[in-house]
Amino acid sequence: MNIEAVITVLLSVALLSAVPLALASVGEAVGERAGLLNLGTEGIMLLGAFTGFWVSLESRSLALGLLAGALTGVVSGLLFGVIAVVVGADQVLLGLGITLGGSGLTSFLFRETFGASQPLLPGSMARPPGDLADALPIVGPALLGQPWFFYLAWVIVAGAELMLRGTTLGLRIRAVGESPIAVDTVGISVVSTRMFAAIIAGALSGLAGASLSIVELGFFQPNVTLGTGFIAIALAMLGRWSPWRIAAMAIVFGSLRGLGSGLQLIDVSVQSEFTRMLPYVGVVAALLLSGRGMRAPSALGQTWVRRRGAVRVR
Amino acid sequence: MLEAKCITKTYGRTTANDCLTLSIRPGEIVGVLGENGAGKSTLLAILAGAIQPDSGQLLLNGKSTAFGSPRDALRAGVSIVFQHFALIHTFTVCEQMHLAGWRSRELPDLLGSRFSGNELIGDISLGSRQMVEIARALVSRPRVLLLDEPTSILTSAETQQLFVLLRGLKEQGMSVVFVTHKLHEAMEVCDRIVVLRKGKDVGELEWSRPGWPSGTDAGLLRLMFGRDEDGTDDAAPQLDTPELQVARSRDLPKRETGSLFCVQEVSTRDHPGSQALHRVSLDVGEGEICAIVGVDGQGQRELATVCAGYAPADGTVYLQWRALPIGDAGAFRRAGIAYLTDDRMGEGTVPGFTLEENLILKRQREWPFSRRGRLRPGRVRDRAREEVSRWRIEPQNPQAPIRTLSGGNIQKVLLARELSIASSLLIANNPSQGLDSRTRTQVWGAIKEFTDGQGGVLLFTTDINEALERADRVGVMYEGAVSPLTPVGDGIRSDLEHMMVAGW
Amino acid sequence: MTAHLGFKETGWGRPRLILTSKWMDPLWAVLFALTCGAVLLIVTGHDPVLAYREWVERAILRPSGIQETFVRAIPLLFTGMAVLLALRAGVWNIGIDGQVLVGALAAAVTASSLVDMSAVVMWAGAAVAALLAGATWASIPALLRGRLGINEIITGIMFNYIAMSMTSWLVKGPLGDPAVVLPQTKLIPVEMRLSTLGGTRVHIGLLLAVALVGCLGWFLTRTVAGYELRATGASPAAAAHGQIPVAGYIIAALVASGAIAALAGANDVLSTKGAFQGEWNPAYGFVAFALVFLGQRSVVGLVPAALVFGQLSYAADVMPRAADVAPAFFGVIEGALLVALAVTVWARSTSVGRSGFGRGVKA
C-alpha cells in the first residue's frame, strides 16, 4: 500500500470518527452554556445508539434510525431537564445515574432483543458518485466521499454555533448559564430556557449515539461508546463551549479515536491497547496545556430556585 | 396605581415586613427611607415579584393582583433595579440590552452617548453599570420603576445625573420608588417619603412644592431611628447636629496611647473584581478604636484582608514596631491580630459545621482544643458552653448546626471566636450590620471591653454615624486610598461626608 | 400526645412526618428503583412477581446468598470509603475504576512474587503495593485539580479508560504469566488467599474493611486533619479564612481516596480472583457513588449500603439462571437508584460538596 492511500484511509476514518464526538460535544456545550452539567451524555449516547441501530435494522432505513436516535435523546434530555431544572436535583449525581442506567438499559434490551447474535447493518450509507470523490487526490474520499449524514452533521454543528452566537435564544441560553438572576429579572423564564437547552443537548447526544452505531460502525454492542460521551464532555470544556472550536477539537480527537481502526485497515500492527488509550491521554494532555484560566459559565452545575436566588436578603 | 396592602414577610424569627402598606400614584417619586435591615429591600422585591409575601395584597389600578414572578410584574408595568446588579459580566452592553428585549441595533439614548455597545459589562465602571441597569429596566417601558439603593455606589456627580434622569421620567408620567437610607437624597428628589423601621411603616411625609421645609430632616431622623421600648437608645446617637455631637460621650477620659499597629505605604495591584489599594498608611494606638468609613466597595475589604494577613501587598505592616510577614495569615493570628469578617455566612462560618466546631475554627490546631493532631471534644464542648452562656447565644446547644442560628447569634459566635484570638488588634468589618439593637449593644459592649484592656480596634464601616459614635479617630476610604485619620470632634462630619462621596 | 405517634421532633426544625424524614430517603429510593425494574420487566415480557420472588428466594434467603452478599460488599465498602473521603473534601473521585485496576494489578504482581513467604507477609505486601499504586495513580488528577484547578471529574474518567488499556497491556506483556495462554498474572494458590471466617465464604477482608470504616469515622470527627478536611469540603472560602491549606487537603483527599479504592482491587485479587486478568473491570466506581448517597453520605451508612449493593451484584449473577433476567437489568436498577438519590439529596441539603467546574482553587 502506498503512502497516499494510507493517508487517504486515515483521513477518511478520522473525519468520520469525529462526527459522533462533535455532535455529542456540541450538545453538551449547549447544555453547559445554560448552566447544566450533564454527565449523562455517555448514557444518552448509548440509548440513542441502541434505538437508532434497532430502528434502522428493522426499517432498513438509515434516516429513520438517526431520527429515532435523536428522539430518544430528546426524551432523555427531557428527563434530565425535568429532574435537574424543574425538580432541582443534583446534576452530577443525576448524570452518573443516567449513564449507569442508560448503559444497563441498552445492554439489557440488546440481550432481550438480539440474544447472543450480533447483527450488522447492511452496507454503509449511500456514497455520492465515486468520480466526484476521486477527482481530488488524497483528500477527495475523506472530504467528498463520505455518507450524507457526515455533511448534515457539520451543518448541525454550524447551526449550533450560529444559534448560540447570533440569536435571541442563544443569548438567553448563554445568559442563563452566567447569571440566572439576570435572566429572571428581565422577565424571561429560567426554567424554560434551561429546559430547552437540556432538550437540545439530549437530542444532539442521542443523534451522536445513533451516528456512531449506524454511520460509523454499523453495529451495536453493550457499552459500544467506550467513553465517547465523557470525551465529549471534556471536549466541550477544551473547546471553551464554542461549537466551532469544539468541531476542530473533535477532528483532532476523532483522528486519535479512529487511529486504531484506521491502522487495522492498512495492516499496521500496533498494540491495540495503545491506540485505544490515545484519545484519553490526549484529553488529559490538552487539559494540562489549556486547562488553566479556563472560565466556565458562572452558574454551571448550580440549581436555581427563585426564592433563594433572586434577592439577597440581609 | 400600584398599591400594596398589609404586606407581611417573615424569615425565620425575623419579620422583614410587618403589615406594610404602600400606594404609588402616577408621576411621583416615592422615597422609602430606613436603616439597613428596616425591610426596604424586601418590600421592593415583593413589589417586583421576586419574593412572595406571606400575606397581604397587591392592587393594580384598584384590582387585586399577584406577582408570581418578575415576569408577571414586568407585564403589569413594574420594573426593578436591584441593589446587587443583575448584569452579566461576560456580556457586552449591546448583548445585555438585547437580553432585556431591546430590539433596535442602536442603543437607547440613555446609553448611546456613553457606550459604543461593544464594551464588556465586567470592564465598565460601577456607575456605568448602574446606567446600563436602569436602561435595562426601562426597556419594557414600565409605569413603575423600582430602585433599590441606586446611589450607594455612585459618585456625587453620577448621583446628580441619576436625579436628573428620574425627574425626567417623572415628567413623562412614570412613577418611581426610590429606596435609600440616605436622608438628604430622599429629600432632594422625592415628592413623598415613607419611613420604615424594623419592618414597620412608621410614618409618611408629603410635600407638594419643590424643596422640603426646614426641620423635615430632624423629623425624618426621629422616625427612622425612633426609640426602643425598653428605653435604651440603641440608635439614638445618630448624630446629625453639632449639639448632639458634643453630647457624644465616651465614658473614659482619653488615655495616652502608644502606637500598636501601623500600616505603611501599602499598595496592591489592579485585579479584576477588586479595588487596588494606593499607598495606604494608618496607625492604631493601644486601647483605641480607629474607624475607616466609606461607601461600599472603595477597597475596605481589600485593606482589611491585607491588615489581617490574608492578601499579599507591597508596603509594610508593623505590630508594636515589629514588621509582620504580609500574606501569612497564620503569623498575623499568632501575633494576636483577629479579623471579624463581614461575610459571615461565606467565609466566616463553615455551613455544615456545628456551633462548637465553628467556634474553634482558626484555633483547631491549638491547645486546648487539640493535642498532637487529635481533637479534644470535651474541651471544645466546654469552650462552647462557656461562650454560649457568656454571650447568651441561642440555641444553647453547642451541637446545633450553625445554619440554624439567626444572623445576630452567628455574629456573636464569630465575635467570641475572634476575641479569643485577638490579644492586640481586632479588625472589624461592619460588625453591627444587620443586627438588632440588643445584639448591637452587646457587640459594642464586648468591643469596648477589649479596648479597655489596651486592645486596638480597626473598624471598617459604611455608617458614618457609627464611626463618629464609636471611634476615637476616623479616616475616609475612597477609591483605594485612605485619608489621614483625624480625631473625632466638632464639625468633621461634613468634611467626612464630602470625602466619602467625592474624595479629596 | 399525637405528636409522638406520627411525628418526631427532629431537633432543630419543625416536627416532621417519619415517612418523610431523612432516614427514610434510602428506602424510598430503593422502592423507586425496584418499581422501575418491575416496569422494565413487564415491558420486556417478563413476570416481575416471579422474577422478584426468585430473587428473594435464591439470592437473599439462602445462606449462600447471604454469604455472597457479604463477600461482594467488601470491595464496595473500600470504594465507598474512597468516594466518601473525597466527597467530604468537596471533590468527586470518579477515577475509582482505574484506581481499583491499578491496585489489583500491583497487588497481584507483588503477591505472586511473595508466594514463598508466609501468607500474612504476602497479604501485607500486596496491600501496601496496592495502596502505593492507587495513591500514585490518583495523584495525577489530584495534582491537576489542586494545583491547576482542572476538573477532577473529567480527568478521573479519562484515567479510568487509560488504566483499563494500560493494565491489560501490562498483563499481556511484561507482567503476565508466560505459562498460561490467557493474559493474566500468576495465580495465587488457594491456600494463600485471604482466610475465610468460620467455614463460610466470607473472608477476613471484611474485618479489615469494617475496621477501616471505623478508622475513617474516627479520622473525620476526632482529628484536626479530619476537621480541616471537612471544613475544606463544606466551604472552601471559610476554610481558607480559617488558614486551612485548601488545595493541599483537596490533593491529599484525592490521593488517599485513590489508595483506599486500590485496596478493593487488592481484596479481589487476594480473595475471589486469585490473579489479575486482562480486560477485567469490575466497574465499582459509579456503584460506589450510589452506595455513598444511599448511605446518606454518613460513615455509618456505608456498611448497610454496601450490603445492598453486594446483594445487587450477587443477584446479577444468579438471576440469569433463576429467572432469565440479564445481568444488565441490575445496571438499570442502580441507575434508577442514583437518579432517585439525586432528587433526595437536593431536597435535603444545601450543598453536596460540588466541585467548581474548571475553576481553580487558590492555593
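Predicted model: local features only at pLDDT ≥ 70, side-chain atom pairs only at ≥ 80, totals over all residues.

Student: How many helices and strands does the secondary structure of chain C come to?
Tutor: With those run lengths as the criterion, the secondary structure of chain C can be counted directly from the model. The count comes to 14 helices and 2 strands.

Student: Among contacts in chain C between residues at least 6 apart in sequence, what percentage join residues at least 24 apart?
Tutor: Chain C has 363 residues, of which 58% count as buried. Among its contacts between residues at least 6 apart in sequence, the share that joins residues at least 24 apart is 75%.

Student: Which element gives the largest share of the side of chain A that touches chain C?
Tutor: The contact takes 46 residues from chain A and 40 residues from chain C. On the side of chain A, the elements that give two or more residues are helix H3 (62–87), helix H4 (91–114), helix H11 (228–238) and helix H13 (272–290). The largest share, 17 residues, comes from H4(A).

Student: Which strands are the edge strands of the open sheet in chain B?
Tutor: The open sheet has 6 strands in the order S6-S7-S8-S3-S9-S10 (chain B), with mixed pairing. An edge strand pairs on one side only, which here picks out strand S6 (78–81) and strand S10 (200–206) of chain B.

Student: Which helix packs on this sheet touching S6 and S7 of chain B?
Tutor: S6(B) and strand S7 (residues 144–148) of chain B run parallel and are joined by 4 bridges, and B:Ser79 stands opposite B:Leu145 in S7(B). The helix that touches S6 and S7 has a direction that makes about 170 degrees with that of S6(B), and is helix H5 (residues 126–138) of chain B.

Student: Which residues have the most contacts inside the largest nonpolar core?
Tutor: This core has 382 residues, and its largest share, 18 residues, comes from helix H11 (residues 246–273) of chain C. The residues with the most contacts inside the core are B:Ile427 and C:Ala107.

Notes. Residues numbered from 1 in each chain as written. Chains lettered and ligands numbered in written order. Contact = placed C-beta atoms within 7 Å. Buried ≥ 20, exposed ≤ 12 C-beta atoms within 10 Å, placed from the backbone. Pairing = 2+ DSSP bridges. Axes fitted to C-alpha atoms, helices over the stretch in contact; angles between N-to-C directions. Core = buried A, V, L, I, M, F, W, Y, C linked by C-beta atoms within 7 Å.
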